[in-house]
Amino acid sequence: MQSCSRITLVLLFILLFACSKEENGAKSRLEAARLFYDQKEYALAKQEIDSINKLYPKAIEERQASLLLLDSVRRAENHQIISDCDSLILANSPELDKIKALFSFQRNKEYQETGSYIPKETASSGPITGTILRSGVAEDGILYIESVFVGGKQKHNQIKVSKKDGTFVQSKPVTDDGFNYRFSNMGKEYEVIRFMGSNENGVAKFIYANNSDPLTVTLEGQGKYSYALSQTTKTAISKSYELSTMMLQLDSLKNAKEKAKFNIYNLDKKAGKIEEVAID
């Protein structure tokens with residue numbers, strides 16, 4: 001009986017020691033998480049909180065406290081995102097306005113709900129007179145390139161832009177009608193094929209990166225036709241690429257800000273700071 005009692009006491013001591021050790025470890029982690037939170041090291045604070053829940057499952061009090069702290073960390077993190085986004089939007093908006101001044105905004109109110117920013121170098125609304133690449137940026141920031149062909153029966157649906165050293169970029173084939181059209185006039189064939197989104201496939205970026213180099217455009221489809229890209233066209237497309245990049249970056253910042261505000265709303269709702277409004 002004495003032997004059994006001793007074993008029981010030893011096991012109880014080990015259990016109490018283990019619990020004490022687990023509690024102390026969880027408390028240390030919680031203190032570290034709070035310190036990181038105060039120092040605005042939110043990623044490190046979340047790592048410590050995660051460790052508490054993984055390593056100390058029996059430290060109930062510390063785990064509960066860590067979950068409350070986690071909400072505070074997330075709220076502060078989202079407030080920081082909003083602040084950073086506001087600063088970047090404020091800093092970049094004047095640059096966007098400056099580059100927009102290099103474009104002509106065009107929209108046919110009778111047929112179009114949205115318009116496009118067209119580089120002033122190529123914004124003339126005169127008739128199509130020759131084969132050329134032209135570009136624009138839609139109001140949502142999406143860049144497009146239009147391949148205009150004037151001549152014989154070409155019927156192209158893809159373009160390739162190449163340098164003298166053989167490096168090149170190639171659009172994807174356009175398979176739907178979309179903004180594309182073909183017509184005949186006075187014995188000449190006219191084609192206007194628009195490449196945008198995934199179909200554009202980095203053509204504008206390639207032209208922007210090689211703006212000072214001689215570039216050749218090859219139209220591909222039922223036949224092939226090549227011509228040299230003029231400096232005016234390269235400059236216009238490069239400006240379109242810059243405008244599109246800046247517009248999409250600012251839109252991304254605005255979206256990140258709205259997402260952070262929504263996250264804070266949900267955290268406040270969870271904490272009971274926002275009451276649900278019943279709708280009859």
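Rings of Phe, Tyr and Trp (its six-membered ring) pair if their centres lie within 6.5 Å, and planes under 30 degrees apart count as stacked, over 60 as edge-to-face and the rest as tilted. The structure is a predicted model, in which local features need pLDDT of at least 70 and side-chain atom pairs count only at pLDDT 80 or more, while totals for chains, interfaces and linings use all residues. Residues are numbered from 1 along each chain as its sequence is written, and side-chain values use heavy atoms, with hydrogens and water left out.

**Exercise 1.** Find how many aromatic pairs the whole structure has, and classify the one formed by Tyr-37 and Tyr-42.

Solution. A search of the whole structure gives 7 aromatic pairs. In one of them, Tyr-37 and Tyr-42 are 6.4 Å apart from centre to centre, with 50° between the planes, and the pair is tilted.

**Exercise 2.** Describe the pair of Phe-105 and Tyr-117, and state which strands it ties together.

Solution. The ring centres of Phe-105 and Tyr-117 are 5.0 Å apart and the planes form an angle of 55°, which is a tilted pair. Phe-105 belongs to strand S1 (residues 103-106) and Tyr-117 to strand S2 (residues 116-119), so the pair ties together parts that are 12 residues apart in sequence; strands are DSSP runs of E with at least two residues, numbered from the N terminus.

**Exercise 3.** Identify the residues that form one aromatic cluster with Phe-149.

Solution. Phe-149 forms one aromatic cluster with Tyr-225 and Tyr-227.

How values were computed
Helix = DSSP H or I, 4+ residues; strand = E, 2+ residues; numbered from the N terminus.
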